[in-house]
Amino acid sequence: MMANKVLTAQQISDYNRDGYLIVKNFCNTEETDKLYSTALNDDAMSKNALDLNDQSGKKTRLSLWFTPGNDVFGYLTRSERMISRVGQLLGEGPPVCHFHSKLMQKEPKVGGAWEWHQDYGYWYKNQFMFPDQLMSVMVALTAANEENGCLQVIKGSHKLGRVNHGFSGEQVGADMTMVNNALQTMELIYCEIEAGDALFFHSNLLHRSEANLSDHPRWSIISCYSLQSNLAYNETSTSWKTPVDIVPDEAILNWDAGSLSNNDFLAKENDPALKETGWEK
């Protein structure tokens, strides 16, 4: 069992070189179906969804919460398979903490784009000190492909360090001069994944996604992690400095799951990343 949860030396090397790693079949079909069904049917997700306009005016929709709870998404976020891999990629040592998770909801025909950005372009405003101690893990709830707006990454771009970010619509977008330089220097990858696959990526990896103009939804859960040694001087939530209470993998299917309405969702007006600081000029 443990062998299935531990990344190989080659996988860790690939992540450090490329800034991302795809793990196939991270969740099995039954687990993925339960996660997707919960996302669709628990109205806490829709009631707490944030709509952010891209440059064209299309809406990107997400629901974001901080503390991983005793619900099916909390069990995924806190699962042994997740935390063991995150710990390997961030560096064994300080405990792994959960910064936040978000449900990404790209509906057919109307789901907007995400502009080129680094996650640390947002989290710099939370004043996290060490981007190498931050990462995101996307678990696909539906297939993600070029047709329905899968994630695009610039391979190796995490090695650029933080790129300046300003506003792009209501989103935070990277300096396009540096993005275009990176696109001339490094490889553009379309991260096409199936439901249940996981994509691990560094906080400084440049990434984007197109609007979903297909007939098929693209939904995913993205959980963001930090090491406890990573200080955030402008973050009012506390999950980022609280070690994850790890649960066994079977919790996703076999444990009683509470409602997502118990989660501490982010309100749009409280997000420091969406506020002017003067750094954007």
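Residues are numbered from 1 along each chain as its sequence is written, and side-chain values use heavy atoms, with hydrogens and water left out. Because the model is predicted, local features need pLDDT of at least 70 and side-chain atom pairs count only at pLDDT 80 or more, whereas totals for chains, interfaces and linings use all residues.

The protein contains eight helices and 13 strands, taken as DSSP runs numbered from the N terminus (helices H or I, at least four residues; strands E, at least two). Of its 281 residues, 57% count as buried; buried means under 20% relative accessible area, exposed over 50%, and partly exposed in between, with a 1.4 Å probe and protein chains only. The accessible surface comes to about 12,000 Å², of which 49% belongs to carbon and sulfur atoms; these areas come from the Shrake-Rupley method with a 1.4 Å probe, and for residues only the protein chains shown count as cover. Among contacts (heavy atoms within 4.5 Å) between residues at least 6 apart in sequence, 88% join residues at least 24 apart.

In soluble globular proteins, nonpolar side chains tend to be buried together. A nonpolar core is defined here as a set of buried Ala, Val, Leu, Ile, Met, Phe, Trp, Tyr and Cys residues joined through side-chain atoms within 4.5 Å. The largest such core has 39 residues, and those with the most contacts inside it are Phe26, Phe73, Leu76, Met82, Val86, Leu141 and Phe200. Helix α5 (residues 80–90) gives the most to this core, with five residues. Another core, of 31 residues, lies apart from it and includes Phe66, Trp114, Cys150 and Cys224.

Of the 11 residues of α5, 10 are buried. The buried set holds Arg81, Ser84, Arg85 and Gln88 as well as Met82, Ile83, Val86, Gly87, Leu89 and Leu90. Leaving aside neighbours within four places in sequence, Met82 is in contact with Phe26, Leu76, Thr77, Val137, Val139, Phe200 and Tyr225. The charged end of Arg81 sits over the ring of Phe26, 5.8 Å from its centre; the criterion is NZ of Lys or CZ of Arg within 6 Å of the ring centre and within 35 degrees of the ring normal. Just after α5, Gly91 takes a positive phi of about 110°.

Strand β6 (134–140) is mostly covered, with seven of its seven residues buried. Leu134, Ser136, Met138 and Ala140 lie on one side of β6 and Met135, Val137 and Val139 on the other, and all are buried. Strands are taken to pair if DSSP finds at least two bridges between them. Seven bridges join β6 to strand β13 (residues 218–227) in an antiparallel arrangement, with Cys224 as the bridge partner of Ser136. Strand β11 (residues 198–202) also pairs with β6 in the antiparallel sense, over five bridges; here the bridge partner of Val137 is Phe200.

Rings of Phe, Tyr and Trp (its six-membered ring) pair if their centres lie within 6.5 Å; planes under 30 degrees apart count as stacked, over 60 as edge-to-face and the rest as tilted. By this rule the count comes to 10 aromatic pairs. Trp65 and Phe265 form an edge-to-face pair, at 5.8 Å centre to centre and 65° between the planes. This pair links strand β3 (residues 59–65), which holds Trp65, to the segment after α8 (251–254), which holds Phe265, across 200 residues. Both Trp65 and Phe265 are buried. Tyr75 and Trp255 are likewise edge-to-face, at 5.6 Å and 80°. Tyr75 belongs to helix α4 (residues 72–77) and Trp255 to the segment after α8, 180 residues apart. Tyr75 is buried at 4% relative accessible area, while Trp255 is partly exposed at 37%. Ring pairs also link Phe66, Phe99, Trp123, Phe128 and Trp240 into a cluster. The charged end of Arg162 sits over the ring of Tyr124, 3.6 Å from its centre.

Most residues other than glycine have a negative phi. Asn25, with phi near 55°, has a positive value; this residue is in the loop between β1 (20–23) and α2 (29–41) and counts as exposed at 63% relative accessibility. Gln127 has a positive phi near 60°. Its place is in the loop between α6 (119–123) and β6, and Gln127 is partly exposed, with a relative accessible area of 32%.
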